[in-house]
Amino acid sequence: MTKKTDQPQSTESIENANSSKTVVSSTEAINKDLTIATNDFENLTEDYKMSVEKNTINPEDIHYVVGVGASAGGLEALQQMVANLPTNTGMSFVIAQHLSPSYKSMMVDLLKKDSTIPVVPAKHQASLQPDTIYVCPPNYNIEINHNDQIILTAASQEKQQSPRPSVDLLFESIAVAKKENAIGIVLSGTGSDGARGIRAIKGEGGFGIAQDPNAAKYNGMPNSAINSGNIDLILNAQEIGLELKNILKFPRAHNYSFEETAISRDNYNHIMGLVKKHFNVDFTLYKETTILRRIERRMTTLKIPKIEDYLSYSMDNAKEIELLFNDFLIGVTAFFRDNRAFESLHTHLQHYLVNKSSKVFRAWIPGCSTGEEAYSIAILLNEVIGPAIDEYKIQIFATDIDKNAIEFARNGVYPESALQNMPDLYKRKYFTLHNDHYEVIKPIKANLIFSVHNLINDPPFLRLDLLSCRNLLIYFNLELQRQLIPIFHYALNPKGLLFLGQSESIGVFHEQFRSASRSGKVYEAVFLGKKHAPLRNVSYQDIEDYIDPVQAKNDDMKVGRATKPTFEITLQDLITEKLNQEFFKYVIVLNENLDIIFNKGQNPLLVRPDGQPSNNIYKNLHPTLTIDLRAAMHSLELQDVQSIKTPYQRLEIGNNSFYARINLLRIEERPRLGALFLLLCQIDEEMDIPRSMDSNAGEERFSKEQERQLMKAKEQLQSVIEELETSNEEMQSMNEELQSSNEELQSSNEELETTNEELQSTNEELQTAYAELRVAYEDKEAQQSKLEQLTRDLVQSNQRLREAEFLGKIGAFNWDINSRKLNWTTGASHLFEIDDENFSPSYEAFIGLAHSEDRAKLEKYIHELLEGKSLKPLVYRVQKSSSKNTIWIEFDAVVSFNDLKQANKQTS
């Protein structure tokens, strides 16, 4: 049984082994580096075992799931691995071994003999148990869900293009379900199955292990996984068990923060500086939890428990910086990820293209990784435009900082597992099958331009109709997100579409974008007048490239520090500081939405309102001053002035009475900031208010105050009237639009009612037709069943006839006299010892079988039968052709006559 299964795999393995020779050199280089790294730190084993920090997770609380993929030659590697597995790790092992669909697998029985832990066949919806090995049955795909349950899916024969079970599908499901507690192991086999799945595991923070290609019987699968750059350890099969135990024991943090990990801020900055120095990419604005997790995983791989030791090792080994950099870049992507979001984008793209005047469409997909998202956008756009696609000039820019990912995306070749969730229509329409991989068709490729691009530093692509940045912003901190959203707005055309991931949003930039679909995360760029390029401040907490502290100190002593201030600069600073203290105690800055974006001093005129918090100045300013501020704002808009002062108002603040007014100033519009307003709040006591020195000052002061209040009321009333008139005109226009919309809705409602009635009528007709078809189908089934029964009865009757002829040594034939054709029964052939394949029955052949001396007698007998004479049976001799023996035959026949008394058929 083994030979029947291994033979086709061996042939395939030999072919793929030949094709993999081209990557041997690069694989051996990676192999050598990782082997050196492992050997260099064997002396740290004791420190590693003693490192148990108070902030680490108890290994007993973690449930790791280990996916194992193998193909040709994998049985031997599996036996070596399971024979050396620890018995108390609590890990669950799931094996996906490529097998022939028709082969009855003996894998469980073969592994049981050597395994240190139980080996059982995988069953659908079975819960994973610790310290147990599960083996996938042939012709099934196996996956793991979030409840640690096994999901088995029967492989369709029509769609089966790649080996089953799919190792990629297993690894990807474990990555999604277990995150950083996922481990993928790639053993001997041909092809590249498992390389994509290892990438998914690494993207979620798990570990990737590959069998040493030099020790593997077939190195295709291990080489593919290693060349992807996502393998942490390269080991012999028998060494894997020990490393799994080491991974389990390595101290890991509950929460990835500087307080919870052994990584200090200084050491973190030094490592970031090394990465920036080698690759010119600053990761300080990435989320620290993600970066800390990646650093800790590299420390686990190298068995280095102390961050100081890891920093020293990184400084001495540039290869480690490259591996860490590759870890930072791992992204998780898929074709048409989140179908509902793409359905929403489909709808909004249709609406956008209907209103678009030109035939040029530009899109940008930053952080495209291996290209699945970019090709999904291109396919969706092709579906939206339809047959008119040739009339459009389409440019889709797909960018990433990962050169290897860009090269992979540019090729556009993917395994079948990558297209698992893609509609079959798209798969057939936009991909061509080559061996067990799918390649994107050339018309789609022609629309995409892949290039290396740093979203943080490099300038954006402009005049875009669509910008898709999905599941990238979640890796950036809030500071970087707030830098990028205005850049996206600047890059998009007015009403251009921004497509974000489900966990992402535009944040506070509601002025720049309007939400087109909340569930689909589709936003529309709002036109804000003339655009200004957003100012880039790449990092407010930027770090210097790593410098040796001792060397830096010596350099400072040699160079010295620049002496700065002169007397004039110091005097100017003193004057400015004094003015701020005495005359500009309370300053408020507003944006164009009149929201407070800056406040100086403990301003008594600001009152926090009840209810939901708001930064709007009218809701936070003292109520007595809000009317004056509205009037001043209105005057500032109508008049070509830069500042306006409001009159003094008497206020009761606490137990004291004060006079306050506002100086409103317009600030010149700046890029990124928009229109800004400056409020200088002036608060004076009553005795500081300027008054007349006349003896009748009291009466005159009271009269002027009344006049001032009256004029102020008139101005405010006029301002309110003007605003109301404007609002009234807008309301009338809106009312007309609503009436028009209402009429359209009523018309649409009537059409829908008519359509509904037609649909109901059609539905009734369909139900009637269905009932009739059902009856006809049941009749047909009954007839089919009856026909099958008659067929079985006929077969049984024929069988009985053959058996009766054999036992009774009899035979029969029918002779069609007009065509002179004879039909023999099996009994007749057996009786005359005739080979049916070489003998053609006919009247002449039948006469020829008789003995030469009896042929005349036989012909005479048949002639008399045809004349209607009733004769007794004829006995004559037959000489068998094979044995040359002579036998006696008793011949009897019945002749059928037509209406003209002519013989037409004889049954003998």
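Guide: Gladly. Let us begin with Asp436, which sits in the loop between β13 (431-434) and β14 (437-440). Keep in mind that this is a predicted model.

Visitor: Why is Asp436 called partly exposed?

Guide: The relative accessibility of Asp436 is 24%.

Visitor: How far apart are Asp436 and Gly191 in sequence and in space?

Guide: They are 245 residues apart in sequence, while their C-alpha atoms are 9.0 Å apart in space.

Visitor: What separates Val119 and Val135, along the chain and between C-alpha atoms?

Guide: Along the chain it is 16 residues, and between the C-alpha atoms 7.4 Å. Val119 belongs to strand β3.

Visitor: And is Val119 buried or exposed?

Guide: Its relative accessible area is 3%. Buried means under 20%, so Val119 is buried.

Visitor: Let us turn to backbone angles. What makes the phi of Asp131 worth a remark?

Guide: The phi of Asp131 is near 55 degrees, a positive value in a residue other than glycine. Most residues other than glycine have a negative phi. Asp131 is placed in the loop between β3 (119-121) and β4 (132-135), and with a relative accessible area of 18% Asp131 is buried.

Visitor: Where does Asn280 lie, and what is its phi?

Guide: Asn280 lies in the loop between α10 (265-279) and α11 (288-302). Its phi is positive too, about 55 degrees, although Asn280 is not a glycine. The relative accessible area of Asn280 is 57%, and exposed means over 50%, so Asn280 is exposed.

Visitor: On to salt bridges. How many does the structure hold?

Guide: It holds 23.

Visitor: How do you know that Glu172 and Arg196 form one?

Guide: Their closest N and O atoms are 3.0 Å apart. A salt bridge needs a side-chain nitrogen of Lys or Arg within 4 Å of a carboxyl oxygen of Asp or Glu, so the pair qualifies. Glu172 is in helix α6 (residues 167-178) and Arg196 in helix α7 (residues 195-203), so this pair, 24 residues apart, links distant parts of the chain. Arg196 is buried, at a relative accessible area of 15%.

Visitor: What makes the pair of Asp327 and Arg297 a salt bridge?

Guide: The N to O distance between the side chains is 3.3 Å, and the limit is 4 Å. Since Asp327 lies in helix α13 and Arg297 in helix α11, the pair ties together parts that are 30 residues apart in sequence. Both partners are under the 20% cut-off for buried: Asp327 has a relative accessible area of 1%, and Arg297 has 3%.

Visitor: Which residues are linked in a network of salt bridges?

Guide: Lys202, Asp232, Arg297, Arg298, Glu320 and Asp327. Glu320 and Asp327 are also among the buried residues of α13.

Visitor: How do you know that the length of helix α13 agrees with what it should span?

Guide: Helix α13 (residues 318-329) has 12 residues, and at 1.5 Å a residue they should span 16 Å. The end C-alpha atoms are 17 Å apart, which agrees.

Visitor: What about Glu853 and Arg877: how close are their N and O atoms?

Guide: The closest N and O atoms are 2.8 Å apart, and the two form a salt bridge. Glu853 lies in the loop between α26 (843-849) and α27 (855-866) and Arg877 in strand β28 (residues 874-879), so the pair ties together parts 24 residues apart in sequence. Glu853 counts as exposed at 59% relative accessibility, whereas Arg877 is buried at 19%.

Visitor: Last, the surface. Which residues form the nonpolar patch?

Guide: Leu571, Leu574, Ile575, Leu579, Phe583 and Phe584 form it, with about 570 Å² of accessible area together. Leu571 is in helix α21 (residues 567-582). Patch residues need over 30% relative accessible area, and Leu571 has 40%.

Visitor: And what makes the patch with Glu758 negative?

Guide: The patch is formed by Glu750, Glu751, Glu753, Glu757 and Glu758, and Glu counts as negative. Glu758 is placed in helix α24 (residues 697-808) and is partly exposed, with a relative accessible area of 48%.

Methods: Residues are numbered from 1 along each chain as its sequence is written. This is a predicted model: local features need pLDDT of at least 70, side-chain atom pairs count only at pLDDT 80 or more; totals for chains, interfaces and linings use all residues. Side-chain values use heavy atoms; hydrogens and water are left out. Patches are made of residues with over 30% relative accessible area and no salt bridge: like charges are joined within 9 Å, nonpolar side chains (Val, Leu, Ile, Met, Phe, Trp, Tyr) within 5 Å. Accessible areas come from the Shrake-Rupley method with a 1.4 Å probe; for residues, only the protein chains shown count as cover. The place of a charge is taken as NZ of Lys, CZ of Arg, CG of Asp or CD of Glu. Helices (H or I, at least four residues) and strands (E, at least two) are DSSP runs, numbered from the N terminus. Buried means under 20% relative accessible area, exposed over 50%, partly exposed in between (1.4 Å probe, protein chains only). The expected span of a helix is 1.5 Å times one less than its number of residues.
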